[in-house]
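This note sets out points for discussion on the structure shown below. Please read each point against the coordinates.

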There are 2 protein chains.
Amino acid sequence: MTESNYPPGPRSTLKRAPERGCYDRPTVHAILDEGLVGHVGFVVKGQPFVIPTSYVRIDDVLYLHGSPASRMMRELRKGVPVCVTVTHLDGVVLARSALHHSMNYRSVVVFGTARRVDDRAEKARILEALVEQVAPGRSADVRPGSPDEVAFTRVLAVPIEEASAKMRTGPPSDEEADLALPVWAGVIPLQLQAGKPIPDERNPPTQQAPSYVTGYRRGAIPPPE
Amino acid sequence: MTESNYPPGPRSTLKRAPERGCYDRPTVHAILDEGLVGHVGFVVKGQPFVIPTSYVRIDDVLYLHGSPASRMMRELRKGVPVCVTVTHLDGVVLARSALHHSMNYRSVVVFGTARRVDDRAEKARILEALVEQVAPGRSADVRPGSPDEVAFTRVLAVPIEEASAKMRTGPPSDEEADLALPVWAGVIPLQLQAGKPIPDERNPPTQQAPSYVTGYRRGAIPPPE
């Protein structure tokens, strides 16, 4: 972590709209850390697969977990190249012409090669971090994985070899000639928002919801106003 | 469209938790139609790429568009195998034990092979549909693509050869022995919500926002309450 940028390589160098991209570690990490689900790409006999999966980042490594029965876990354990993409939608951009319609978003594309995590202590630490990724503060309240549960669960590490962030913010980019059109143009902000928590009906009657539940929100970066 | 199910093939057959999956056309279509961005997977020299992209479904075909300069458009025009995955996050599932934490979600994985769309009338129809996918009703209000704009924009068709939907709903699935733990368990519903529209400062002063802006929402399927 001595370098503040991920090295742009042939896979991560942005071909299109490079002004929207960056390789800056804090930016990449902030986008990854806000996410709940990444889209994991891998190849089986030339066929691409893209599977939504929860993950957690620790330093410069993404960790995934799953069942031994899943195709993704079976394939990634072989040490194949992986691409993990995390995307946050921040707004619908309504322009005055059809082809300037766009989305405001922040995304990160990570390239790496998965390796198995077999050490029990390391696995237990990662499984705890995966719970914290979903709800910070939660892991202290729940029963940790038993030795059998930890042993049964497959954990993979994807060291971030290359990564790039890409984003769009702000108003529509219209042609000058279109600005006079009598059309409403602008942005509809979007955000993944938490609704009212639904307690499990088997909870003890007096069980109060903790603050990480009642105040649940995603996003270290505030959404565009 | 005489069959109501997509044929499950070797790529789309669910290996893990098959009870959470289905190949039913209306279910697959509803999940696709609610989405704003899909994650498109393709392979270049053995390396997977996963790129977030807007899309629209018409009948049994997904359409993508982009700049001739983008890597994705250049690669997909070659007629390579593609996987497009669309995911909606519906909730965080907080269980009483770490390893039963989960997400409520609906996702679709589509497999197909991209083909170029070069016919100008077909391209224009698809570009209009792409605007409608983002904001139904919008295309009638905006300047359509000029012949040059349409000619410059690359459009790809991905016929849905195989597709599967997968979802999880409902409360946590805890071990019987954990039900007595003094832990709040339940679901925090999540939904992509629209905020207050931000008019472009170059709008005419009296320009009113249309109802598809002021009432913007995603989702034909109501979110879990």
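Which residues have the most contacts inside the largest nonpolar core? The points below begin with the basis of the model and then take up that question.

1. The model is predicted: local features need pLDDT of at least 70, side-chain atom pairs count only at pLDDT 80 or more, and totals for chains, interfaces and linings use all residues. Residues are numbered from 1 along each chain as its sequence is written, while chains are lettered from A and ligands numbered from 1 in the order in which they are written.

2. A:V110 and B:V110 have the most contacts inside the largest nonpolar core, which has 113 residues. Such a core is a set of buried Ala, Val, Leu, Ile, Met, Phe, Trp, Tyr and Cys residues joined through C-beta atoms within 7 Å. A residue is buried if 20 or more other C-beta atoms, placed from the backbone, lie within 10 Å of its own, exposed if 12 or fewer, and partly exposed in between. Neighbours within four places in sequence aside, A:V110 is in contact (C-beta atoms, placed from the backbone, within 7 Å) with A:L62, A:C83, A:V84, A:V158, A:I160 and A:A163.

3. Chain A has an open sheet of four strands in the order β4-β5-β9-β8, with antiparallel pairing. Strands (E, at least two residues) and helices (H or I, at least four) are DSSP runs numbered from the N terminus, and two strands pair if DSSP finds at least two bridges between them. Because β4 (55–58) and β8 (115–117) of chain A stand at the edges with a single partner strand each, one side of each is left without a neighbour in the sheet. From one strand to the next, the twist averages 35°.

4. Helix α3 of chain A, residues 120–134, lies across β4, β5, β8 and β9 of chain A and runs at about 95° to β5(A). Axes here are lines fitted to C-alpha atoms, for helices over the stretch in contact, with angles from 0 to 180 degrees between N-to-C directions.

5. In chain B, strand β6 (residues 81–94) is mostly covered, with 14 of its 14 residues buried. Bridge partners include B:V93 with B:S102 and B:G91 with B:P189, and B:H39 stands opposite B:T85.

6. How is chain B laid on chain A? A turn of 180° with a shift of 0.0 Å along the axis gives an RMSD of 0.0 Å, by least squares on the C-alpha atoms of residues with pLDDT of at least 70 in both copies. That is the relation of a two-fold axis. In chain B, the C-alpha nearest the axis belongs to B:L192, 2.1 Å from it.

7. Between the chains, 84 residues of chain B are in contact with 84 residues of chain A. β11(B) gives the most to the side of chain B that touches chain A, with nine residues. β11(A), residues 186–194, and β11(B) pair antiparallel over five bridges, and A:L192 has B:L192 as its bridge partner.

Technical notes: Two residues are in contact if their C-beta atoms, placed from the backbone, lie within 7 Å.
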